[in-house]
Amino acid sequence: MKVFVAVKRTLDYAVKVRVKADKSAVDLANVKMSMNPFCEIACEEAVRLKEKKVAKEVIAVTVGPKAAQETLRTALAMGADRGIHVVTDMRHDTELQPLAVAKVLQALGAKESPDMYILGKQSIDGDNNQTGQMLAGLMDAPIAAFASEVSVDGDKVHVTREIDGGLQKIDLGLPAVVTADLRLNEPRYATLPNIMKAKKKKIEEIKAEDLGLSLEPHVQYTSVEDPPVRQAGIKVESVDEVISKLKETGVL
Amino acid sequence: MLASGFKSAGLMARRGLAASAQARMASTLVLAEHAEGAIADSTLSVVSAAKAIGGDVTVLVAGADAAKIAEQAAKIDGVSSVLAAGDAAYDHGIAENITALLQSVQDSKSFSHILFAASNDGKNIMPRLGAKLDVQPVSDILEVLGEDTFKRPMYAGNAIATVKSSDSVKLASVRITNFDKAAAEGGSASVEEVSGPGDAGKTTWVADEVAKSDRPELTTADKIVSGGRGLKNGENFEMLYTLADKLGGGAVGASRAAVDAGYVPNELQIGQTGKIVAPGLYIAVGISGAIQHLAGMKDAKTIVCINKDPEAPIFQVSDIGLEADLFKAVPEMIEKL
């Protein structure tokens, strides 16, 4: 089968977020960017399906600025066969919204007809947790969101997914959309030889405008602010003090 | 921002006096969450968010037990009508089936807003409906600033955005810890039976593995004791359960490190990618306080931390910090409470 894996370039998860002084957005100038951690997990899963000979071809897709090509190269170094880069200058945390990305993925899917789409469950910048579900909705395909285990058996996908009280097992028909939760797998590191090999793999570049889709945001981000700051706390020396402070403030 | 004085205008609009999307009074549909035949507390918080938007509030109960649960939903204060879709196809949160039901309800009733709890079920269903209606939903609203304007967190809660939706139907998921629960009694809504297309046949539910517990649910508990990698193993979590009992029946949570190490099951994970909690008291034991964990608990009223590393970031958000070995401090605390 053919697998699409969607990857996103985001602010590195360890970077401290700075909101711009004019409250227009988060400052993304000169900060470290990486592949969204959930996309790494999605990519790893796609590559594992290939190693299990379930998938014949893994195509990594990204929608983002020129620089997002690095993210695609990372996916190729992890083991994806080729890449598709839909280039746009829209800000990927506020302007480029899940509905637009889902439409792009659907349009690319219509050309390539993959059997499975694997995405991360959410990107750590927008924290929307929507794109995979929207893609499945647009395609009228079944979805397994928040997957922690995936296996393919003929034309059925068995998925264990994380739900509020525990786990849920479901079976999906193909084509299917799966979004990866943290515990799906442990993504591999790209080795140097594989990074070198990845440079030779093909990336198809498409301008977002050429897809004939409206990617205009439906939701306007009118301001972005720092969260309220907590008042500095106190350090105490003993358990007794903890208990008496809690009693003082009426918590206990 | 909309007072109840606008109510008559809303009624007129729904009677068919053609109204443009702007002039239309809000009418909000809430997708109810329920478990084991009872309406979930999360639904009460979502109803509060719907009330903050203004206009009529309708609750949709879907599932095999819908009729019985709809009676409970009808008593929620502020709910004006309840729709009950009694079909087993809507159990287990299968997105295709519930989305098709919501779409058919929306087709016939044209709500201005559809709200979901920002739970795993809500997150699973809302975007699919958004795609079907060609609408961009707003995830995890913290505050309602107007009919089309909301606050929501981004970047693990390190930035709070004000967003304005230009869609004709506004879909949003509600961070339940940010809204007080509507009173479960006092309402007297009418109940109407509805039906949707039923089972779409694309997904087969196999099994749920849900841990049963007498403890309060994490997301609604008033006191939470939470453990991290510092606990060293699963057995040591017993201490935290005892401490939670001593506090008068608190819930126990965990950091991602504790879950990944296999100390506790993953439904206990608190953080950006786990559950978001805001209890009255949060006691973090052996948790360093990574950005991703703080995203899930920094709105707790009082935060206590017990950690032997004075440099741990958790001290920066704690109201009361105790620098100590948890294996001494926790038993001592249990004894003294």
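This is a predicted model: local features need pLDDT of at least 70, side-chain atom pairs count only at pLDDT 80 or more; totals for chains, interfaces and linings use all residues.
Start where the two chains meet. The size of an interface is often given as the accessible area lost when the parts come together. For chain A and chain B, that buried area is about 6700 Å². Carbon and sulfur atoms give 52% of it.

Polar links cross this interface as well. Eight salt bridges are counted between chain A and chain B. One salt bridge pairs A:Lys103 with B:Asp134, with 2.7 Å between the closest N and O atoms. Polar contacts across the interface of chain A and chain B come to 50 residue pairs, both partners at pLDDT 80 or more.

Now turn to chain B on its own. Chain B has two assigned domains: domain 1 covers 25–193 and domain 2 covers 218–336. Their C-alpha centres are 31 Å apart. In the contact between them, eight residues of domain 1 of chain B meet 10 residues of domain 2 of chain B. The two domains of chain B bury about 750 Å² between them, with 55% on carbon and sulfur atoms. On the domain 1 side, B:Ala156, B:Arg175 and B:Thr177 lose the most area to domain 2 of chain B. Together these three make up 58% of what that side buries.

How many salt bridges does the rule find across this domain interface of chain B? The count is zero. One residue pair is in polar contact there, both at pLDDT 80 or more. The side of domain 1 of chain B that touches domain 2 of chain B holds three nonpolar, three polar and two charged residues.

An unreviewed UniProt entry places "domain: Electron transfer flavoprotein alpha/beta-subunit N-terminal" on residues 23–215 of chain A. That span of chain A is 29% helix and 31% strand, and its end C-alpha atoms lie 24 Å apart. Residues 28–209 of chain B are 28% helix and 33% strand, with 33 Å between the end C-alpha atoms.

Finally, look at local detail in chain A. Over all chains, the salt-bridge count comes to 31. One pair to inspect is A:Glu162 with A:Arg183, whose side chains meet at 3.1 Å, N to O. This pair links distant parts of the chain, 21 residues apart. A:Glu162 sits in strand β8 of chain A, while A:Arg183 sits in the loop between β10 (176–180) and α5 (192–198) of chain A.

Two backbone features deserve a look. A:Leu174 and A:Pro175 are joined by a cis peptide bond, with omega about -5°. A:Pro175 belongs to the loop between β9 and β10 of chain A. A:Asn129 has a positive phi, near 60°, in a residue other than glycine. A:Asn129 is placed in the loop between β6 (116–120) and α4 of chain A.

Terms used:
Residues are numbered from 1 along each chain as its sequence is written. Chains are lettered from A and ligands numbered from 1 in the order in which they are written. Side-chain values use heavy atoms; hydrogens and water are left out. Domain bounds come from an automatic or database domain assignment. Contact means heavy atoms within 4.5 Å. Buried area is the accessible area (1.4 Å probe) that two parts lose on being put together, summed over both. A salt bridge is a side-chain nitrogen of Lys or Arg within 4 Å of a carboxyl oxygen of Asp or Glu. A polar contact is a pair of N or O atoms within 3.5 Å; within protein, one must be able to donate a hydrogen and the other to accept it, and residues adjacent in sequence count only if both atoms are side-chain atoms. Ala, Val, Leu, Ile, Met, Phe, Trp, Tyr, Cys and Pro count as nonpolar, Asp, Glu, Lys and Arg as charged, and the others, Gly among them, as polar. UniProt positions are given in the numbering used here, feature names are shortened, and annotations may be inferred rather than shown by experiment. Helices (H or I, at least four residues) and strands (E, at least two) are DSSP runs, numbered from the N terminus.
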